Amino acid sequence: MATKEIIMSTTKLNKSFGVTHAVINLDITIEKGDIMGLVGENGAGKSTLIKILGGEYYLDSGQITYQNKIISWNSSAEALKKGIAIVHQHPLLVFSLNAAENIFLGKEFTQGIFLDEKKSIEESKKLVKQYPIYPELDLEKPVIEMSAGEKEVVEILKALSYNPKILILDEPTASLPKDEAESLLKLLVDLNRKKEMTMIYISHKLEETFEICNKITVMRNGENIGMLTNEHFDKNKLVKMMINQDISEFYPEKSSQIGKVLLEANHINSKVLKDVSIHVHEGEIVGLYGLIGAGMTELVESIYGLQPFQSGEIIFNQKKILHPHVDMMVHHGIYLIPADRHQYGLFPSFSVSENITIAHLFSLFPEFLLTRYKENQVATKEAEQMNLKYADINQSIKELSGGNQQKVIVARWLLKECNVLIVDDPTVGIDIGAKRDIYRILRELNSHHKGIIFISSEINEIIGMADRIYTMRRGIITAELPKDEINQENILKNIL
Ligand SMILES: Nc1ncnc2c1ncn2[C@@H]1O[C@H](COP(=O)(O)OP(=O)(O)O)[C@@H](O)[C@H]1O
Ligand SMILES: [Mg+2]
């Protein structure tokens with residue numbers, strides 16, 4: 001078999017930010033026509049690496065060879081001109097301009113000394129037609145009014161407008177709706193085949209990388225851990241490389257100390273729920289599993305007083321809660337982390353430290369003399385325990401990755417005297433390392449006798465995490481599976 005031509009390679013790349021060694025002695029080789037997947041936990045160094053390759057960051061040491069020449073980019077514009085285009089994780093767009101203007105920013109069409117706006121719209125239309133990821137895209141709409149998915153499409157079209165030799169995509173499908181994500185994957189494969197466009201593809205969704213990549217490189221803590229070619233793709237192997245742990249150790253051990261009943265909901269009837277009864281014990285994770293719309297979220301929101309129910313009762317520690325209501329629940333130490341964490345769980349204008357300590361300010365610091373120093377001390381200890389990736393405890397929570405934000409929300413309750421924690425799909429969309437940390441934190445809550453009600457949309461997760469499972473279908477509890485009856489078959493037969 002003919003060996004392919006090497007288009008780009010690196011030797012011993014290093015890049016640090018202060019004390020963070022983001023990329024360490026990294027060697028990679030990319031052959032012409034590759035779609036190379038790049039995977040790793042959040043904070044592994046993937047984005048930093050591709051920004052070095054694209055001239056956005058200077059390297060500290062090491063060497064990049066591109067098209068048989070050792071290069072050192074002076075700017076990203078130079079790398080772009082030489083054929084390396086990046087689709088960023090967070091699109092770098094000018095929000096006040098429209099889509100077409102963004103796509104042709106820096107290479108505007110002019111007529112005499114004037115900008116030719118008509119021409120840029122026309123050319124953008126051609127691009128949309130040529131690359132039909134989202135054919136309905138309104139090119140004259142200001143970017144500020146666009147959804148995250150639309151912005152992503154503009155970012156992708158902008159990169160493609162340079163007709164790059166190497167197209168680098170940093171989690172491009174994270175904010176795309178399903179149909180657009182599928183169109184994008186198809187388009188990438190097509191571009192790769194027809195134009196021999198080389199690509200580096202970063203994603204948390206391993207299935208996607210299996211689908212389109214011919215090789216996958218794994219990074220962990222800044223290092224290149226290894227590369228698998230498509231004939232050797234194997235999810236367990238990849239995950240093991242990513243987290244340095246066997247997949248069987250991915251879920252912590254199940255509970256061995258289940259105590260008395262903490263919280264019960266009996267015979268709940270509402271618009272959605274029909275005679276639903278569940279309970280959770282001390283030290284137990286109870287799973288709720290069903291298809292979307294089967295009533296799991298409605299059930300926990302009813303228990304929590306967020307949705308009305310016509311009949312039924314909520315009992316905590318053998319006492320009936322007369323009027324279930326959020327304040328009453330918090331008073332009893334019952335907390336809900338809803339599915340939409342960004343709407344409810346975070347205090348976006350606060351720092352990492354403040355977000356960790358916010359639930360317990362008064363119990364931690366009854367003297368009311370809350371000093372920043374003390375607060376940071378407590379928060380730093382907690383952050384360490386939850387393996388949080390952050391630069392500075394006083395930095396804004398918004399700068400953290402989704403997975404790390406979620407860890408903050410879940411771990412908050414480690415400090416607080418909570419009795420029951422209800423989590424609604426807590427690991428959706430976060431990376432594998434953050435998932436593992438959240439599982440560990442939940443089990444730690446268990447070991448402090450707390451009860452957990454866990455809704456998950458992932459069957460493997462509910463099997464791996466729950467000590468007991470209620471399955472649901474159309475507002476009804478269809479089965480209660482004890483530990484030794486938890487398996488895929490029993491679950492599926494009760495939810496479909
Ligand atoms: N501009 C920056 N300033 C300081 N630290 C950074 C910066 N960019 C990345 N880091 C740190 O470098 C490490 C690698 O980050 P990153 O390359 O974004 O990882 P990934 O893309 O794999 O999630 C992380 O610890 C991150 O906090
Ligand atoms: Mg990244």
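1. The C-alpha centres of domain 1 and domain 2 lie 36 Å apart. The structure under discussion is a predicted model. According to the domain assignment of the chain, domain 1 covers residues 6-244, and domain 2 covers residues 261-495.

2. The contact between the two domains deserves a separate remark. On one side, 7 residues of domain 1 take part, and they meet 9 residues of domain 2. Sorted by class, the domain 1 side of this contact consists of 3 nonpolar, 3 polar and 1 charged residues.

3. The nonpolar cores come next. In soluble globular proteins, nonpolar side chains tend to be buried together. Here the largest nonpolar core contains 66 residues. Within this core, the residues with the most contacts are Val300, Val420, Ile422, Ile453 and Phe454. The greatest contribution comes from helix H16, residues 432-447, which supplies 6 residues to this core.

4. Strand pairing can be followed through S16, residues 311-316. Strand S13, residues 261-269, runs antiparallel to S16, and 5 bridges join the two. One of the paired positions is Asn269, whose bridge partner in S16 is Ser311. S16 is also joined to strand S17, residues 319-321, by 3 bridges, again in an antiparallel arrangement. In this second pairing, Ile314 stands opposite Ile321 of S17.

5. S16 and S17 form a hairpin with 2 residues between the strands. In that hairpin, Asn317 has a positive phi, near 50 degrees.

6. Is helix H1, residues 46-53, mostly covered or mostly uncovered? The helix is mostly covered, as 8 of its 8 residues are buried. The buried residues include Leu49, Ile50, Ile52 and Leu53. Lys46, Ser47, Thr48 and Lys51 of H1 are buried as well. After H1 comes Gly55, which takes a positive phi near 75 degrees.

Note on methods. Residues numbered from 1 in each chain as written. Chains lettered and ligands numbered in written order. Predicted model: local features only at pLDDT ≥ 70, side-chain atom pairs only at ≥ 80, totals over all residues. Core = buried A, V, L, I, M, F, W, Y, C linked by C-beta atoms within 7 Å. Buried ≥ 20, exposed ≤ 12 C-beta atoms within 10 Å, placed from the backbone. Helix = DSSP H or I, 4+ residues; strand = E, 2+ residues; numbered from the N terminus. Pairing = 2+ DSSP bridges. Domains from an automatic or database assignment. Nonpolar A, V, L, I, M, F, W, Y, C, P; charged D, E, K, R; others polar.
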